[in-house]
Amino acid sequence: MKNCLICQTNIDVFMDFGQQPIANGFVTNEQFNDEYFFHMQTAFCPKCTMVQLIEQPDREKMFHENYAFFSSTSNYMVKHFAAFVDDMTARQNLGENSFAVEIGCNDGILSQNFVKAGVPHLGVEPSKNVAEIARQKGINVTTEFFDKALAEATSEEYKKADAIFSANVMCHIPYMHSVFEGIKILLDENGIFAFEDPYLGDIIQKTSFDQIYDEHVFFFSAHSVSYLANMHGLELFDIAPQITHGGSMRYYITHKDAKPLSQNVSKQLEFEKSLGLHEGKTFTAFNAKIDKIKSDLIALLQKLHNEGKKVVAYGATSKSTTTANYFGITPQLIEFVSDTTPIKQGKYTPGMHIPVVSQETFAASKPDYVLLFAWNHAKEIMENEAAFMKSCGAKWIMYIPKVEIIEV
Ligand code: SAH
Ligand code: TMP
Ligand code: ZN
């Protein structure tokens with residue numbers, strides 16, 4: 001029995017993924033024998049409804065000077081984050097007298113828009129390699145983990161923030177109370193804290209189980225975020241669904257009663273009830289669907305292997321670490337994974353040790369089937385690769401929400 005990280009209630013495991021490696025921990029040959037594994041299990045809290053990991057590796061094992069995820073690898077995401085800044089600029093009238101903070105700015109994909117618009121800002125990014133790229137774009141970055149102490153120091157050194165942004169970071173942080181205490185301190189009395197993360201409603205509806213990996217300790221819903229905000233004298237006053245990362249939700253938070261409450265929140269809470277996000281049995285059913293995807297995909301890959309087909313994968317995503325390790329996708333089934341991120345190339349995927357190659361190597365190969373690990377970027381990738389796939393008669397294999405072969 002474990003206690004909920006948010007409300008301390010006893011929580012029960014609903015899914016056991018067994019031993020899993022660091023999702024972004026790409027390894028060299030020499031590192032095969034001393035790879036780190038942890039026991040990955042997810043639980044549902046019947047009181048505050050937060051879905052969470054039972055155990056998470058130490059943060060320094062995941063976020064460091066060799067962090068392998070570079071946000072700017074997707075052109076679509078570049079546009080998405082420019083639009084996020086436009087949205088908050090309109091809401092908060094951001095300009096040269098404002099102060100904006102971004103938690104987890106990575107290579108500056110979002111914060112570069114503050115530089116362009118001349119908005120005084122601070123990016124908080126503990127992974128030194130990606131933080132350095134952000135600095136080269138002229139962004140003011142501190143290489144630290146955001147928490148209450150950092151929020152206090154920031155509000156003293158700078159001033160209270162009119163806007164605090166965060167994308168795909170909040171769900172990574174187990175010490176959420178320290179973060180929300182920090183937000184309470186750093187946020188101006190009329191400020192907005194807007195953050196977005198993969199949405200539990202989409203995960204359940206699409207069976208996108210691969211959002212579950214070491215870095216993602218929380219799977220938020222409007223209900224659980226609202227509960228958490230209330231615990232800190234803050235309020236979830238608006239929300240906006242996003243199509244990114246296979247379905248995300250943006251949460252807008254302010255000091256209690258500082259902004260009018262949007263009907264979007266009450267509507268979403270109703271919708272979440274209809275999905276059963278407040279009931280443990282929903283997650284038991286989710287489990288069964290994951291096992292169906294697992295048996296269908298392994299049967300397909302095994303069949304193609306027996307037929308002597310050339311099967312490769314596209315996108316060495318953190319999500320695919322869960323898929324490969326939980327399903328048992330070996331280098332016998334998948335010859336290599338193509339990825340545009342230089343730090344991943346020439347290395348092997350965490351746990352299953354499938355070689356990672358460049359997009360140029362992929363383009364020089366003649367695959368029969370390509371398993372799309374980066375399924376959340378399907379539109380962008382399928383458009384970019386359409387001519388190549390046609391030229392060699394290759395087909396895509398998708399596995400979210402179900403196993404499917406897509407002819408090009
Ligand atoms: N915002 C980017 C990056 C998401 S990846 C995007 O959406 O593409 C998650 C990032 O959060 C990593 O760069 C990691 O180093 C950073 N991070 C992890 N814990 C953090 C913390 N406590 N404070 C600030 N950033 C953190
Ligand atoms: P993500 O799903 O966490 O955003 O990771 C996407 C991964 O896929 C990242 O390693 C970069 C890679 N990628 C490509 O190799 N080609 C592409 O066209 C895109 C969009 C991503
Ligand atoms: Zn709880």
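Residues are numbered from 1 along each chain as its sequence is written, and chains are lettered from A and ligands numbered from 1 in the order in which they are written. In this predicted model, local features need pLDDT of at least 70, side-chain atom pairs count only at pLDDT 80 or more, and totals for chains, interfaces and linings use all residues, while side-chain values use heavy atoms, with hydrogens and water left out.

**Ligand 2**

Around ligand 2 there are 15 residues, of which Lys319, Asp339, Lys344, Asn376 and His377 come nearest; a residue is near a molecule if one of its heavy atoms lies within 4 Å of it. The table gives polar contacts, that is, pairs of N or O atoms within 3.5 Å.

| Residue and atom | Distance to an oxygen atom of ligand 2 |
|---|---|
| Asp339, polar side-chain atom | 2.6 Å |
| Thr340, backbone N or O atom | 3.0 Å |
| His377, polar side-chain atom | 2.7 Å |

Taken alone, ligand 2 exposes 480 Å², and the protein buries 95% of that; these areas come from the Shrake-Rupley method with a 1.4 Å probe.

**Helix α4**

Helix α4 spans residues 128-136, and Asn129, Val130, Ala131 and Ala134 are buried there, meaning under 20% relative accessible area with a 1.4 Å probe, protein chains only. Helices are DSSP runs (H or I) of at least four residues, and strands (E) of at least two. The buried residues of α4 pack against β7 (141-142), with contact meaning heavy atoms within 4.5 Å.

**Two loop residues**

His245, in the loop between β11 (234-242) and β12 (248-255), has a positive phi of about 50° although it is not a glycine. His245 is buried, with a relative accessible area of 16%.

His353 has a positive phi near 60° and lies in the loop between β14 (337-338) and β15 (356-357). The relative accessible area of His353 is 17%, and this residue is buried.

Key. A polar contact is a pair of N or O atoms within 3.5 Å; within protein, one must be able to donate a hydrogen and the other to accept it, and residues adjacent in sequence count only if both atoms are side-chain atoms. Buried means under 20% relative accessible area, exposed over 50%, partly exposed in between (1.4 Å probe, protein chains only).
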